[in-house]
There are 2 protein chains.
Amino acid sequence: MAKRPTDPNASAPAARQVPMRDFSRSLPMSLLRAREAVMRQFRPALREHGLTEQQWRILRALAAIEAAEVTELARTAFLLGPSLSRILRDLEARNLIERKTAKADQRRSMVSISKEGVKLMASVAPSSEAIYAEITRRFGARKLVELQEMLGQLEVCLASVDARDEITDDA
Amino acid sequence: MAKRPTDPNASAPAARQVPMRDFSRSLPMSLLRAREAVMRQFRPALREHGLTEQQWRILRALAAIEAAEVTELARTAFLLGPSLSRILRDLEARNLIERKTAKADQRRSMVSISKEGVKLMASVAPSSEAIYAEITRRFGARKLVELQEMLGQLEVCLASVDARDEITDDA
DNA sequence: GGGAGATAATTAACATGTTAAGTGAATTCG
DNA sequence: CGAATTCACTTAACATGTTAATTATCTCCC
């Protein structure tokens, strides 16, 4: 009997209320599974270097921008403040990043990647790039661009919805 | 020979204030942000009913298939075993699901949605469907189908990669 | 029958997601 | 000035993600 990986409830006779959308085909599930399929490619390589996906995101972000405030880094790496606080604490303990409070504003702290952090990145980047290249090859470079374009459009068209509780940023 | 859109540290000795757009446009980030944009729409409604996204996934899955083993449910709701174990424990404590060990195999437990669970689902479904409809309206129904088609293809073309540590499921 | 292995589910341990509350510093405005 | 407010960041509390180890059961095969 072959497994039916994409048909969880084809012949479910009971519990029928409103025939809600087959949730395995819902947009959130599609996005979740696609992302998981992608991350599954990267995780082993990162793990070999003792890095999680989020830690890697932070190092990459820092390597590109030299130094950044925590809030800016959170936006760049797409992490929430509390997660970032914890991760920065751990990365600092591992001497992969450095922090110093800003002189002008004692509340802010400037975060930067350390020499060790740069070295670690250099050791991970090749395999990371190779994996990304393989994904691109399998899916198709043109299609990949197209997909990312659609994802960006989705993000944009939904961002306007939750803009009600934000200040209209006119000066 | 095209330039790679993801080039975290090609030769940046002291990167300036370049905001590193390439990193923010990587496929994992695009997927993450798109999914977050979508889930941001749903979370408040679910939260009003005291449900998390994962709990809602489980209830939806159960409502469609009547009863399922834990492993099957994990596959359907796309959750890992440990997460599912914890969530089932909590949902059972809230009397939203029911469990009974299978007679034929004492290791397996059959999980089903309870009457209360069905009632809760009925109270959440309308707003959930309304939100989904609004997303569809904003993004475009045709485009949405197209996006999900591409996500599915991405999943498929990457699934074959990590099939080396799996058994070829037909002898 | 019984022991070696396989399997289903849980538990453990650590890391992150998510929301709320807390802390200390800066800004506003009386 | 100085109290109220805002701001940047952290901590707290709980839920889930992730991998490894455990437990209990079942299957196979001698």
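Biologist: Which element gives the largest share of the surface near DNA strand D?

Modeller: This is a predicted model. Helix H5 of chain B gives the largest share of that surface, with five residues.

Biologist: Which other elements supply at least two residues there?

Modeller: From chain A come helix H1 (27-48), helix H3 (70-77) and H4. From chain B, helix H3 (53-65) joins H5 on the list.

Biologist: How many residues surround DNA strand D, and which are the closest?

Modeller: There are 25 of them. The closest are Thr71(A), Gly81(A), Pro82(A), Ser83(B) and Gln106(B). By class, the surface has eight nonpolar, nine polar and eight charged residues.

Biologist: On to sheets. How do strands of a sheet pair?

Modeller: They pair through backbone hydrogen bonds, either parallel or antiparallel. In chain B, three strands form an open sheet in the order S1-S3-S2, and the pairing is antiparallel.

Biologist: Why is one side of S1 and of S2 left without a neighbour in the sheet?

Modeller: Strand S1 (67-69) and strand S2 (97-101) of chain B stand at the edges, so each has a single partner strand. Neighbouring strands are turned by 30° against each other on average, direction ignored.

Biologist: How many bridges join S2(B) to strand S3 of chain B?

Modeller: Five, with S3 covering residues 109-113. In one of the pairings, Glu98(B) has Ser112(B) in S3(B) as its bridge partner. A helix packs on this sheet too: H4(B) touches S1 and S3 of chain B. The direction of H4(B) makes about 100° with that of S1(B).

Biologist: Last topic: helix pairs. What describes two packed helices?

Modeller: The angle between their axes and the distance between the axes. Take helix H5 (residues 115-139) of chain A and helix H7 (residues 141-159) of chain B. Their axes come within 10 Å and cross at roughly 115°. The crossing is right-handed.

Biologist: Which residues meet where H5(A) and H7(B) are in contact?

Modeller: H5(A) brings Ile135(A), Arg138(A) and Phe139(A). H7(B) brings Leu154(B), Cys157(B) and Leu158(B). By class, that contact has five nonpolar, no polar and one charged residues.

Note on methods: Residues are numbered from 1 along each chain as its sequence is written. Chains are lettered from A and ligands numbered from 1 in the order in which they are written. This is a predicted model: local features need pLDDT of at least 70, side-chain atom pairs count only at pLDDT 80 or more; totals for chains, interfaces and linings use all residues. Axes are lines fitted to C-alpha atoms, for helices over the stretch in contact, and angles run from 0 to 180 degrees between N-to-C directions. Helices (H or I, at least four residues) and strands (E, at least two) are DSSP runs, numbered from the N terminus. A crossing is left-handed if the near helix is turned anticlockwise from the far one by less than a right angle, and right-handed if clockwise. Two residues are in contact if their C-beta atoms, placed from the backbone, lie within 7 Å. Ala, Val, Leu, Ile, Met, Phe, Trp, Tyr, Cys and Pro count as nonpolar, Asp, Glu, Lys and Arg as charged, and the others, Gly among them, as polar. Two strands pair if DSSP finds at least two bridges between them. A residue is near a molecule or strand if its C-beta atom, placed from the backbone, lies within 6 Å of it.
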